Amino acid sequence: MAYDSNNVFAKILRGEIPCKKLFEDDFALAFHDIHPKAPIHVLVIPKGPYVSYDDFIQNAEANEIVGLERAILKAVQDTGAATNGYRLISNSGANAHQEVPHYHVHVLGGRALGAMLGQEG
Ligand code: AMP
């Protein structure tokens, strides 16, 4: 799937629409999800134009991959999610109901998170 540079996270990266930023560095942006599913719900995204996990790992440079992983760790630590446990989720493609076609990792925490796949399907 080709990258769509009009997706909402691309617009956030370009500063065309606002976000509630947690932090930003050369490789990643972390911001609060607009419809939080838990007391802690942060999205961590790479700055490069990658659609999904598989696109990112196959096509990103090693420093971009390490940079994103370290940003995820920082989000886990800075939000306090690590204190009582957290979940990382990355939806890729139709079966996973990916809504925004820019690779992102959800950091969820702050409460008991229930079954891994929930009740649907
Ligand atoms: P996914 O289904 O993994 O693609 O999830 C996309 C997530 O992006 C959802 O949890 C949305 O609530 C979130 N989202 C969509 N638009 C925005 C936005 N403008 N700012 C922050 N989060 C957003």
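These are my notes on the largest pocket of a predicted model and on the ligand in it.

**Ground rules.** I number residues from 1 along each chain as its sequence is written. I take local features at pLDDT of at least 70 and side-chain atom pairs only at pLDDT 80 or more, with totals for chains, interfaces and linings using all residues, and side-chain values use heavy atoms, leaving out hydrogens and water.

**Pocket.** I looked up the volume of the largest pocket and found about 1400 Å³. A pocket here is an open set of points on a 1 Å grid over the protein atoms alone, where a 1.4 Å probe fits, with protein on both sides within 12 Å along at least five of seven lines. The volume is the space filled by probe spheres set on the points, joined across faces, edges and corners.

Its lining (residues with an atom within 4 Å of a point) has 36 residues, and the closest to the centre are Lys37, Ile89, Asn91, Glu99 and His106. I sorted the lining by class and got 18 nonpolar, 11 polar and seven charged residues.

**Ligand.** I checked where the ligand is: it sits in the largest pocket, meaning that more than half of its atoms lie within 2 Å of the grid points. I then listed its shell (residues with a heavy atom within 4 Å) and found 16 residues, the closest being Asp33, Asn91, Glu99, His104 and His106. Asn91, Glu99 and His106 are also among the residues closest to the pocket centre.

**Contacts.** I looked for N or O pairs within 3.5 Å. A polar side-chain atom of Asp33 is 2.6 Å from a ligand oxygen. A polar backbone atom of Glu99 is 2.7 Å from a ligand oxygen. For Ile34, a backbone N or O atom lies 3.1 Å from a ligand nitrogen.

Key. Ala, Val, Leu, Ile, Met, Phe, Trp, Tyr, Cys and Pro count as nonpolar, Asp, Glu, Lys and Arg as charged, and the others, Gly among them, as polar. A polar contact is a pair of N or O atoms within 3.5 Å; within protein, one must be able to donate a hydrogen and the other to accept it, and residues adjacent in sequence count only if both atoms are side-chain atoms.
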